[in-house]
Amino acid sequence: MKTLLKNSVLNGISYAEYKSLTQQLVEKESSTGIRAENTEEQWQQKVMYTKLNYSRNKRLDKTATIPEAYRHYFKETCEKQTWLVITETWCGDAVQALPFINKASELSENIDLKIVFRDEHPELMNLFLTNGSKSIPKVIILDSDFEVLAEWGPRSQAATNLVNDYKTEHGKLDDAFKKQLQIWYNKDKGNNIVAELATISKNLCLEKVEKYF
């Protein structure tokens, strides 16, 4: 597992490289993912969502902020960490999370953000399933020895509750829910995502300090 994680980090790209790649895909009317594993309709949907996410990503990069109440939890990260994110350019939940994940990682020299794509790393994804599904994004927090310290995703608990409640009532997630979830994301402004990542960072630092006593 450690070798797989190390190789995944080495193959990972930076957030700037991720944005540049997304722009290139939009210009080519393409998407991440393995085209042969999708029907033509599925592939065109991913192309459409990649384009939509590119626009959302640019907007969120300008507006996303880390509230002052949480900033010190990231600034005071107690050890070198890699935040390895599994995602795809077409993922609606990922575009809502990545700008905030990036802003948080930028607050500390101890945090190195790397991004890999799910369909290109099936073995990695299979290690971090959510209730048996390949849900993304997933943030895997690693120490300098590539040991897993924590993980987060694919959504905040508040967003997960919305998903579960809708599934219970309607049986599946449809276009109406996607619109509802987008409205919720717009109102939340990343607060739940940042709060959960800050709690993880705080707890990891406390665990590190306790080892010395």
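**Reading a predicted model**

Trainee: Which residues does Ile101 touch, not counting residues up to four places away in sequence?

Mentor: Contact means that heavy atoms lie within 4.5 Å of each other. By that rule, Ile101 touches Trp83, Val85, Leu113, Val139, Trp152 and Leu197, with residues up to four places away in sequence not counted. Please note that this is a predicted model, in which local features need pLDDT of at least 70, side-chain atom pairs count only at pLDDT 80 or more, and totals for chains, interfaces and linings use all residues. Residues are numbered from 1 along each chain as its sequence is written, and side-chain values use heavy atoms, leaving out hydrogens and water.

Trainee: Which residues have the most contacts inside the largest nonpolar core?

Mentor: In soluble globular proteins, nonpolar side chains tend to be buried together. A nonpolar core is here a set of buried Ala, Val, Leu, Ile, Met, Phe, Trp, Tyr and Cys residues joined through side-chain atoms within 4.5 Å. Buried means under 20% relative accessible area, exposed means over 50%, and partly exposed lies in between, with a 1.4 Å probe and protein chains only. The largest core has 29 residues, and those with the most contacts inside it are Phe74, Trp83, Ile101 and Trp152. At least two residues of this core come from each of helix 2 (15-27), strand 1 (81-87), helix 5 (92-105), strand 2 (111-117), strand 3 (138-142), strand 4 (148-152) and helix 9 (191-210). Helix 9 supplies the largest share, six residues. Another core, of 15 residues, lies apart from this one, and includes Leu5, Val9, Ile86 and Cys91.

Trainee: How many helices and strands does the protein have?

Mentor: Helices (H or I, at least four residues) and strands (E, at least two) are DSSP runs, numbered from the N terminus. The protein has nine helices and four strands. Their order from the N terminus is α-α-α-α-β-α-β-α-β-β-α-α-α.

Trainee: Where does Pro137 lie, and is it buried or exposed?

Mentor: Pro137 belongs to the loop between helix 6 and strand 3. Its relative accessibility is 0%, so Pro137 counts as buried. Leaving aside neighbours within four places in sequence, its contacts include Val85, Cys91, Ala97 and Trp152. Gly153 is also a contact of Pro137; the two are 16 residues apart in sequence, yet their C-alpha atoms are 5.9 Å apart in space.

Trainee: Which residues have a positive phi although they are not glycine?

Mentor: Asn131 has a phi of about 50°, and Lys189 has one of about 55°. Asn131 sits in the loop between helix 6 and strand 3, and with a relative accessible area of 82% it is exposed. Lys189 sits in the loop between helix 8 (175-188) and helix 9, and at 58% Lys189 is likewise exposed.

Trainee: Is Thr130 buried or exposed?

Mentor: Thr130 has a relative accessible area of 19%, and therefore counts as buried. Thr130 is also in the loop between helix 6 (122-127) and strand 3. Leaving aside neighbours within four places in sequence, Thr130 is in contact with Ser135, Lys138, Gly153 and Pro154.

Trainee: Why does the radius of gyration of the protein agree with that of a compact globule?

Mentor: The radius is taken over C-alpha atoms, and the globule rule is 2.2 Å times the number of residues to the power 0.38. For 213 residues the rule gives a radius near 17 Å, and the protein has 17 Å, so the two agree. Along the principal axes, the C-alpha atoms fill a box of roughly 55 × 35 × 35 Å. Of the 213 residues, 46% count as buried. Among contacts between residues at least 6 apart in sequence, 73% join residues at least 24 apart.
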